[in-house]
Amino acid sequence: MSDKIQFQQREQLKEKPDQSSLTFGKVFTDYMLSFEYSIDKGWHDLKIIPYGPIELSPAAQCIHYGQSVFEGLKAYKHDDEVVLFRPEENFKRINMSLSRLKMPEVDEALLLEGLKQLIDIERDWVPQGEGQSLYIRPYVFATQEGLGVHPSHEYRLLIILSPSGSYYGGDSLRPTKIYVEDEYVRAVRGGVGYAKVAGNYAASLLAQSNANSEGFDQVLWLDGVEQKYVEEVGSMNIFFVIDGKVVTPELNGSILPGITRKTVLELAKTLGYEVDERRVAIDELYQYHKEGRLQEVFGTGTAAVISPVGELQFKDEKIVINDNQTGPITQKLYDNYTGIQSGKLEDPHGWRVVVPKY
Ligand code: COI
């Protein structure tokens, strides 16, 4: 068994929320994992501390210049066991994001061990209702005080935990309405689109909020060069079922390499579907729809899981997908994906990682 990480107990534990009313990311558990970096010591002082406000200089570099990256993964309860889903993929990706923002990489194995010890302490917070899980948010931000523009010499890593229900609220398979954004772009080649950096989400908010006020759930981003090729949705990668084949935009440097995206591609192949990662033009999709060949559309993401798309609107042309119903391939992928996560199905790929009782 690994060494126990330093643990600072809080005086009073919080009251746990009523599980029937859980939404996404609003309630946080008793403890968080904390890790610090300085140029002299490297990463040091890994510890589990009470969840609560942190001290930060008003001149901290993350606030001014945006050196801030994050991840999202989930823990599930199977009877008496708590399991994580492909956590090593998230720690691999956080290092890729850190390196893009010239931030120091972390020891992936050490972080995974720290997360397991944190979750072990918080296992009673993992909800067990249909579609519920403990959402895990690791993040790193620059804490050095100063206004010069250069990579910070100090950083903080935190992992906070939030018992959560469905991301869009209500039924996780409610078909969503998506606006195809034709004015703003999210990312360009050579930029930071492929990294999970906080600024990508800030850059998406104006378009997202315009779309929300017109009754859409999210926006679908087109490429930043020609505004012609489909990239991803606000908090999800996007998939299409065309002539029975599962198609998703290929990773091109401006699309986030989603872990759910990767899992769904692997799962679809296992289930016998043909899959295709390629450039997909929005005009081509509309043409397929006209010809009756665009059968299903769905998004994938840790928070959003597998989420059917019922409507797409591009400029003033709206198309309705599969009569605004969850399609059979979306449903099958959803059942298999959530079945493996929740322990109802076997895990032939070895994606589940059990949290030990320390
Ligand atoms: C996730 O799916 O974990 C994400 O990071 C999306 C998030 C911005 C809600």
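Let's start at the ligand. This is a predicted model.

Take Tyr135. One of its polar side-chain atoms sits 2.5 Å from a ligand oxygen. Now Thr302. Here a polar atom of the backbone is 3.2 Å from an oxygen of the ligand. Then Ala303. Again it is a polar backbone atom, and the distance to a ligand oxygen is 2.8 Å. So please look at Tyr135 for its side chain, at Thr302 for its backbone, and at Ala303 for its backbone as well.

On to the helices. I have two pairs to show.

First pair: α5 and α7. Helix α5 covers residues 259-270, and helix α7 covers residues 328-342. They pack at about 110°, and their axes are 11 Å apart. How are they oriented, then? Angles from 65 to 115 degrees count as roughly perpendicular, so α5 and α7 are roughly perpendicular to each other. Their crossing is right-handed.

Who meets whom? From α5 come Thr260, Thr263, Val264, Leu267 and Ala268. From α7 come Leu333, Asn336, Tyr337 and Ile340. By class, that contact holds six nonpolar residues, three polar ones and no charged ones.

Helix α2 runs over residues 87-100, helix α3 over residues 108-121. The packing angle is about 130°, with the axes 10 Å apart. That angle makes α2 oblique to α3. The crossing of α2 and α3 is right-handed.

The α2 side brings Pro87, Phe91, Lys92 and Asn95. The α3 side brings Glu108, Leu111, Leu112 and Leu115. How do these residues divide by class? Five are nonpolar, one is polar and two are charged.

Key
Residues are numbered from 1 along each chain as its sequence is written. This is a predicted model: local features need pLDDT of at least 70, side-chain atom pairs count only at pLDDT 80 or more; totals for chains, interfaces and linings use all residues. Side-chain values use heavy atoms; hydrogens and water are left out. Axes are lines fitted to C-alpha atoms, for helices over the stretch in contact, and angles run from 0 to 180 degrees between N-to-C directions. Helices (H or I, at least four residues) and strands (E, at least two) are DSSP runs, numbered from the N terminus. Angles under 35 degrees count as roughly parallel, over 145 as roughly antiparallel, 65 to 115 as roughly perpendicular and the rest as oblique. A crossing is left-handed if the near helix is turned anticlockwise from the far one by less than a right angle, and right-handed if clockwise. Contact means heavy atoms within 4.5 Å. Ala, Val, Leu, Ile, Met, Phe, Trp, Tyr, Cys and Pro count as nonpolar, Asp, Glu, Lys and Arg as charged, and the others, Gly among them, as polar. A polar contact is a pair of N or O atoms within 3.5 Å; within protein, one must be able to donate a hydrogen and the other to accept it, and residues adjacent in sequence count only if both atoms are side-chain atoms.
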